Amino acid sequence: MLATARRRLFSAQAARWYGRAARDGRFKTLGRGDVERLRAMAAPETVLATEAVGGSADAAELEGFNVDWLSKYRGSSQLVLRPKTTGEVAEILRYCNSERIAVVPQGGNTGLVGGGVPVHDEVVLSLRNMNKVRGFDEVSGILVCDAGCVLEELDNYVAERGYTMPLDLGAKGSCHIGGNVAANAGGIRFLRYGSLHGSVLGLEAVLADGTVLDNISTLRKDNTGYDLKQLFIGSEGTLGVITGVSVVTPRRPSAVNVAVLGVPSYEGVQRAFRLARARCGEVLSAYEFWDASCMGAVLGHQGLKHPLAGEHPFYVLIETSGSNKAHDDEKLAALLEELLESGVVEDGALAQDESQIRRMWSMREGIPESLGRTGPTYKYDVSIPIPVLYDVVGDIARRLEDAGLYRAGDAARPVRLVCGYGHIGDGNLHLNIVADRFEDRITRVFEPFVYEWVASHRGSISAEHGIGQMKRDYLRYSKSPEMIAYMRRIKDVFDPNHILNPYKVL
Ligand code: FAD
Ligand code: 2HG
Ligand code: ZN
């Protein structure tokens, strides 16, 4: 929904500023002969090749495949393939593997760590033409579909049948279910429905050598040896190309309530969370927070009205989802009263109808886009124990102040905003730093500091966005040398020539 509009706002400076990996000379440089061979493997309208490799597309047509959503990472692929069947994917990969041609699997290209775009001249393998629902069981709620189905379209499909996708996120209008699975995306329903490691029942994946692993199970229980599909969930296109997904969808809740609260302190955000869990228990379905800087950006860019009468240091969005409206209304109303009376929150607004619910959610979901409209945004997506989760925002702001790069409210400084928001119910902070450009002297202030900070609290340097090319050199802050060594061995098993998504993750 939000994602498509935002892309390429800053493409003019789409960067060469970060330390990208050098091109691996073992990969073949694509020739006209290769393109001819690959062309024969898919329908002509699904191939985009530039003149340099014997095609007729101009670079602008490939731009959307070469540049990421943040306009931070730019590759120079000359060939985009958009196969329509698993068989075509298998044939393409078999050829690329035998010729040592590097390939980047791409979904909706909404990833935030540079994982879905080429680093150099890798072939882009886009799943967008594989977008059919293969089947839906109305009794069990199990959906089987192609990997290129757009998340929001799947949600609409299952909604008509009384179900909901277990995953929801701001990029739902563009991202693919295959991309979600490859990234192991978290999103705003994680608190209620948990990880894709639980909801995905099966996968169909094509390995680098063209082998099709058909593990598209629709079984809830299947203890027959190693659960290989789990390796592909979160593998970021480095182990295989996901072509089909089986996912269990929950019943769509018939009663949904949403409230936005104004909170005087981060301590209050935590206390309100504890009380929300205690009072709403089984119906609490989301608990999101953002700070005043995020609110300023959203109000400035989304044309939304402030939901509360005045400003507050922090905002919280609480959602309940259940099947008994009167029961849920009563629980949420009692919680809000208690929070207000105890002074834990300063103000609150309860959505009165569907459109108010949507507006409150678009306020939260509109934060990444609004910050992007403010300026190029450095993003850190971390898991940290909740009590200290927001401390890192202040520590980074102070470092930038000490370096003379930032002062709150001073638009003349290169850094405009340092802010925090996210899925606090899951211990997941999105630390965003908005500047006037992407440049090394800014990055150096918080890298590797932010990763050291997270590691010192035994957190994770990637809660939900993955490693991609952005954090490849920092994996050691969250994984031991032994674990990284075993990850490499797994990579060697599935993709011995390392043609799949090179320069990423490992
Ligand atoms: P892409 O960006 O195309 O690819 C992501 C990675 O998966 C790449 O490494 C790519 O190579 C690989 N890949 C893609 N498709 C396949 C496939 N079929 N087989 C193998 N590998 C594949 N993430 C969250 O976790 N939670 C959020 O709340 C959230 N909100 C977002 C909000 C916005 C506005 C935006 C722009 C992004 C957000 N994201 C969020 C980040 C992102 O992970 C998700 O948008 C989404 O999961 C990526 O899906 P995609 O289809 O766009 O994948
Ligand atoms: C969200 O929760 C997304 O809105 C994006 O994960 C976070 O852009 C970000 O930093
Ligand atoms: Zn998020």
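Where do the axes of helix α15 and helix α17 come within 11 Å, and at roughly what angle do they cross? Select residues 391–402 for α15 and 449–456 for α17: the axes come within 11 Å and cross at roughly 150 degrees. (Helices, H or I of at least four residues, and strands, E of at least two, are DSSP runs numbered from the N terminus; axes are lines fitted to C-alpha atoms, for helices over the stretch in contact, and angles run from 0 to 180 degrees between N-to-C directions.)

Before you go on: this is a predicted model, where local features need pLDDT of at least 70, side-chain atom pairs count only at pLDDT 80 or more, and totals for chains, interfaces and linings use all residues. Residues are numbered from 1 along each chain as its sequence is written, chains are lettered from A and ligands numbered from 1 in the order in which they are written, and side-chain values use heavy atoms, with hydrogens and water left out.

Back to the helix pair.

Now step back along the chain from α17. P448 sits in the loop between α16 (440–446) and α17, and a cis peptide bond joins it to E447, with omega about 5 degrees. Past α17, pick R458 in the loop between α17 and α18; its phi is positive, near 50 degrees. Most residues other than glycine have a negative phi, and most peptide bonds are trans.

Next, click the zinc ion (ligand 3). Its protein donors are H423 (NE2), H430 (NE2) and E464 (OE), at 1.9 to 2.1 Å. Donors are N, O and S atoms within 2.8 Å of the metal (3.2 Å for Na, K and Ca), and water is not among the atoms, so sites may look incomplete. H423 lies in strand β15 (residues 415–423) and E464 in the loop between α17 and α18 (481–494), so this pair ties together parts 41 residues apart in sequence.

Last stop: select α10 (residues 266–280) and α12 (residues 325–341), whose axes come within 10 Å and cross at roughly 150 degrees. α10 and α12 are therefore roughly antiparallel too. Residues in the contact include L275 and A276 of α10 and L332 and L335 of α12.

Definitions and conventions:
Parallel < 35°, antiparallel > 145°, perpendicular 65-115°, else oblique. Contact = heavy atoms within 4.5 Å.
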